[in-house]
Amino acid sequence: MTYTCLISSFPGDIKQTIEFARINKFSAISVNSINYGFRDRELLKLPLKNDHVPFSRSDLILEANDWSRRVIMMLSDPYGIDFKDGKVRQAKEALLCQELDHANFLQGSGYVMIRLNYGNKLANLARILAAKVKCLALINLKLSNEEDTWSWWNQLRTCANFSGKFKVVLEITSGAVNEEALKKWLGEPIEGLEIPTSLFIRNKNNYPVLPKNIQQVLGRFLEKRNINFFVSAPFDENLHFYSEYLESVKVKLSKYQDNVFKSVADALQIPLQPLYDNLDTYTYDVFEKDPIKYMKYQEAITAALKDMEGDSEKIIMVLGAGRGPLVRAVLNGACKSQKTVKILVIEKNACAINTLYGHMSETWLSETDKNPVIEVINKDMRDYNPPVKADMIVSELLGSFGDNELSPECLDCATRLLKDTGISIPYRSTSYVNPMMSTKLLEAVRNLPARGNQPEPFSYTKKAQTMYVVFLNNVYHIDSPKALFKFEHPNRENPVNNNRFGEVSFKAKTDCVLTGFAGYFDADLYKDIKISTHPLEHTAGMSSWFPVFIPLIQPQFVKEGEDISGSFWRNVGSHAVWYEWMTTSPQHSLMHNTEGHCSKIYSV
């Protein structure tokens with residue numbers, strides 16, 4: 001649930017300030033954690049532990065829950081905490097630690113916020129925040145072309161080893177924002193946007209509104225996530241105009257709420273192993289709710305049947321039929337092309353076979369006047385020996401990376417089922433990768449539970465050598481995808497070799513952090529009819545496949561204009577297939593998933 005926070009100067013009565021904020025439709029306030037006199041006194045005159053004096057409000061002025069739900073504590077300026085001068089550094093350390101201890105005492109699981117107005121020497125600040133903050137530290141930075149505040153943020157979170165406790169509150173400014181810099185911030189963990197009331201202008205009805213250019217910036221963030229607003233304002237009895245306006249902006253500009261996949265955005269999923277495991281009805285149901293994919297298949301089947309010469313009965317095999325959506329596409333294609341067909345429906349999952357028999361008796365034969373011959377066969381396509389060969393084989397064995405669910409191995413075995421002049425739909429698949437930055441996915445990999453009895457110190461290294469299926473959202477794409485592996489069907493090579501090696505290079509458009517690669521695919525179904533998850537060529541409306549995330553164990557800082565080079569291997573063993581990968585630029589990484597010791601796709 002989102003919130004709107006009023007950033008207030010040190011109030012005399014915090015309870016009244018909370019009530020004032022509530023009346024003006026703000027759900028929380030951000031206030032300084034201690035009074036100004038205490039800081040000067042301790043820093044310049046007294047050791048911290050001498051003659052303790054009250055330094056903030058009593059916790060009893062609010063209910064305990066209100067400290068966490070209604071108040072975000074603003075920490076004092078940390079400047080000096082990384083000074084070489086020992087006295088200054090130690091005094092600033094002591095002040096910050098006391099503020100953090102006090103915030104933890106008041107809030108338990110609440111938020112603290114700290115404004116970062118400088119960007120050099122942040123290691124000590126990062127160390128203390130990472131150690132002391134219980135829940136979240138909101139790092140308040142300006143979104144500006146004048147200062148490279150992203151590099152400040154990157155230095156801080158890198159020193160804290162990309163701690164998940166750190167999130168960003170970006171202050172929007174009136175100046176123009178570099179497009180690449182904005183894209184980069186969209187890939188960062190943004191908790192909210194600070195909007196000073198000084199940015200507002202008056203419309204013709206004398207109400208405060210934001211200029212168009214700032215609305216466009218807000219819209220870019222609202223496309224990607226639910227955004228909290230922080231309003232910095234002097235005392236004004238009419239602050240509700242600002243909060244009401246920002247709520248209307250959320251409704252008007254937010255496309256994230258309309259995204260049907262928002263509930264799984266950036267959630268890691270282990271890729272399916274359909275040859276090793278039988279899919280359940282829930283998984284089939286998800287796949288079948290993608291009408292665009294089956295429309296494309298139907299288009300390809302229809303075109304291929306029309307191109308087939310003669311009026312004789314055409315034998316079509318549906319390989320890995322699941323619950324039968326491709327059979328419907330074949331029936332429709334036969335009707336549109338006015339061809340007579342015999343359909344052999346081949347599926348190894350005995351539970352899905354029950355559904356197929358139900359379709360055959362209740363649905364398929366009643367949907368066509370020609371009553372085609374349909375035969376359901378409970379066999380693994382790799383073991384099936386048909387009495388006659390097929391004019392066409394149709395399958396949807398592709399994974400999120402194209403070949404990662406072993407479609408090449410399955411279709412290579414199925415080549416013997418096809419006539420020499422037969423057609424395979426699809427007939428080609430190509431995988432693609434591009435470098436990306438996402439601290440959210442890095443954190444997600446770290447937070448995955450350890451597998452089996454693996455000791456915790458070694459668990460992250462293993463988890464970071466596994467590919468994941470992810471609906472990518474909170475990411476920055478460093479460069480556009482490039483082709484990696486290609487497979488064609490039918491493959492009549494002898495012997496068949498599905499091992500692959502690919503090396504791809506990219507260039508960074510701005511300073512960033514490489515946390516891994518994203519993977520996609522496209523498949524040519526028939527002639528120029530294709531389906532694609534490539535972000536620049538994505539089949540409109542198709543939702544069956546999310547991209548894959550290929551992590552790196554250690555994130556790598558990349559400078560603007562620097563090359564990023566990655567090497568990828570696809571290895572085929574007797575019982576499994578696995579991928580290995582590494583970077584050779586900007587740094588040589590470890591070889592990931594050597595010999596498939598962390599993740600494999602099993603063929604038996």
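In strand 23, Phe-549 is the bridge partner of Tyr-468. The model is predicted: local features need pLDDT of at least 70, side-chain atom pairs count only at pLDDT 80 or more, and totals for chains, interfaces and linings use all residues. Residues are numbered from 1 along each chain as its sequence is written, and side-chain values use heavy atoms, with hydrogens and water left out.

- Strand 23 covers residues 548-558, and nine of its 11 residues are buried (under 20% relative accessible area, with exposed over 50% and partly exposed in between, using a 1.4 Å probe and protein chains only).
- The strand is therefore largely enclosed by the rest of the structure.
- Strands (E, at least two residues) and helices (H or I, at least four) are DSSP runs, numbered from the N terminus.
- Strand 17 (residues 468-469) pairs with strand 23 in the antiparallel sense over two bridges; pairing requires that DSSP finds at least two bridges between two strands.
- Strand 21 (residues 512-526) also pairs with strand 23 in the antiparallel sense, over seven bridges.
- Gly-516 stands opposite Pro-551 in strand 23.

**Aromatic pairs**

- A search of the whole structure finds 12 aromatic pairs; rings of Phe, Tyr and Trp (its six-membered ring) pair if their centres lie within 6.5 Å, and planes under 30 degrees apart count as stacked, over 60 as edge-to-face and the rest as tilted.
- The ring centres of Phe-200 and Tyr-242 are 4.8 Å apart and the planes stand at 80 degrees, so this pair is edge-to-face.
- Phe-200 lies in the loop between strand 7 (190-196) and strand 8 (201-202), and Tyr-242 in helix 9 (residues 240-253), so the pair ties together parts 42 residues apart in sequence.
- Phe-200 is buried, at 10% relative accessible area, and Tyr-242 is buried at 9%.
- Phe-501 and Trp-569 have ring centres 5.0 Å apart and planes at 45 degrees, so they form a tilted pair.
- This pair links distant parts of the chain, with Phe-501 in strand 20 (residues 500-507) and Trp-569 in strand 24 (residues 563-572), 68 residues apart.
- Phe-501 is partly exposed at 47% relative accessibility, and Trp-569 is partly exposed at 22%.
- One aromatic cluster is formed by Tyr-79, Phe-83 and Tyr-118.

**Domains**

- The domain assignment, whose bounds come from an automatic or database source, gives domain 1 (4-258), domain 2 (281-396) and domain 3 (428-450 + 457-602).
- The C-alpha centres of domain 1 and domain 2 lie 58 Å apart.
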